[in-house]
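Thanks for making the time this morning.

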Amino acid sequence: MDFTPLRITTVKPQRSLTFDLYIFFKEQYLCYAKRGTTLTDDKYQKLKVQKIAKFFITESDEGNYQKFLDDLLAETLANPNVNTEEKVIMVEGAASSAVERMQKNPGSESAYRATENAARSLRDVIKNNPDALKKIFGKKVEKNEDIIKHSLNVCALSVKIAENCRCSDEDMDDLGTAALIHDIAIPQLNKNDLPLFYKPKKLLTNDDKRVYFLHCKDALTLLQDKPYVNKNILELVANHEETLSGSGPNKKKKLTKLEEILSMVDNYDKRIITNKTTPMQTLKDMMIDEIGNYSLEMLNELKKVLQTEGLLQ
Ligand SMILES: [Fe+2]
Ligand SMILES: [Fe+2]
């Protein structure tokens, strides 16, 4: 049997499960709750706080779980009695599972559809809840979750900037999905090359860059023969390290507005990871270092969003 990971934050207590819920414990998968049963509040709270168990469904239950999650997300996001924090936790859970699934199984259409839905929910929660972006950025994660967290950050901030730039809904959905999957090929780098993800861009040698930049082409290779991935998304993923000065792996100098947003936001969030600078310092650095790599207009959009969303405090 093949198993698919899920986050327990995407399951609610007192709600009939439409799939069998498994945990991975002592090197084996155990059915923890059967379909048709519900988790009590008590049990659920305990599951949420303990970090030992990982949760899974069988591959054959993916469709059932997705339907469960989509309904739950729609209800939760539309419910005025649910606070922003809870909404954010659920959407983050959905997006994190989706990205994790794409990393492990990039050729899975169901993982891709889950990613599209998660990107849409993320956009929805940010659009309708003033504090959501700040809450998403404020979350701390464990080191092995860095790339997933980075993908969520880039998705959330890119989509917010695109909204301010009056991009179409369709474009924002494409941007959000592309942002969630833009780095799916990083875990496929050679183990010895993985630390490059944590190395400041300024310190990357030409050899480092050649190796590190492979993740753009690799992601394209993983996705390009999939009929359900549209061209807009493929281009965004392939060009996410490109800049207006042609410093990216594809040496592209003309970027679409969406490509420029994605590359700039990726750069911003990546700096915080690699340089360990505060948001304020990171913005200041970018306003100096990245002139010519992004248009001043776009850098100012970044500044504006960081200010108005309270991300600089
Ligand atoms: Fe990247
Ligand atoms: Fe990235």
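This is a predicted model: local features need pLDDT of at least 70, side-chain atom pairs count only at pLDDT 80 or more; totals for chains, interfaces and linings use all residues.

**The metal site and the cysteines**

The iron ion (ligand 1) and the iron ion (ligand 2) lie 3.5 Å apart, and Asp 183 coordinates both of them. Asp 183 sits in the loop between helix 7 (169-181) and helix 8 (206-212), while His 215 belongs to helix 9 (residues 214-223), so the pair ties together parts that are 32 residues apart in sequence; helices here are DSSP runs of H or I with at least four residues, numbered from the N terminus.

Residues are numbered from 1 along each chain as written, chains are lettered from A and ligands numbered from 1 in written order, and side-chain values use heavy atoms, without hydrogens or water.

Which residues coordinate the iron ion (ligand 1)? They are Asp 183 (OD), His 215 (NE2), His 240 (NE2) and Glu 241 (OE), at 2.1 to 2.3 Å, where donors are N, O and S atoms within 2.8 Å of the metal (3.2 Å for Na, K and Ca), and sites may look incomplete because water is not among the atoms. Along the chain, these donors of the iron ion (ligand 1) follow the spacing D-x31-H-x24-H-E. Asp 183 and His 215 are both buried, meaning under 20% relative accessible area.

As for the cysteines, the structure holds 0 disulfides, a disulfide being a pair of cysteine sulfur atoms within 2.5 Å. Cys 167 is in no disulfide, and the nearest cysteine sulfur, that of Cys 165, is 5.6 Å away.

Notes: Helices (H or I, at least four residues) and strands (E, at least two) are DSSP runs, numbered from the N terminus. Buried means under 20% relative accessible area, exposed over 50%, partly exposed in between (1.4 Å probe, protein chains only).
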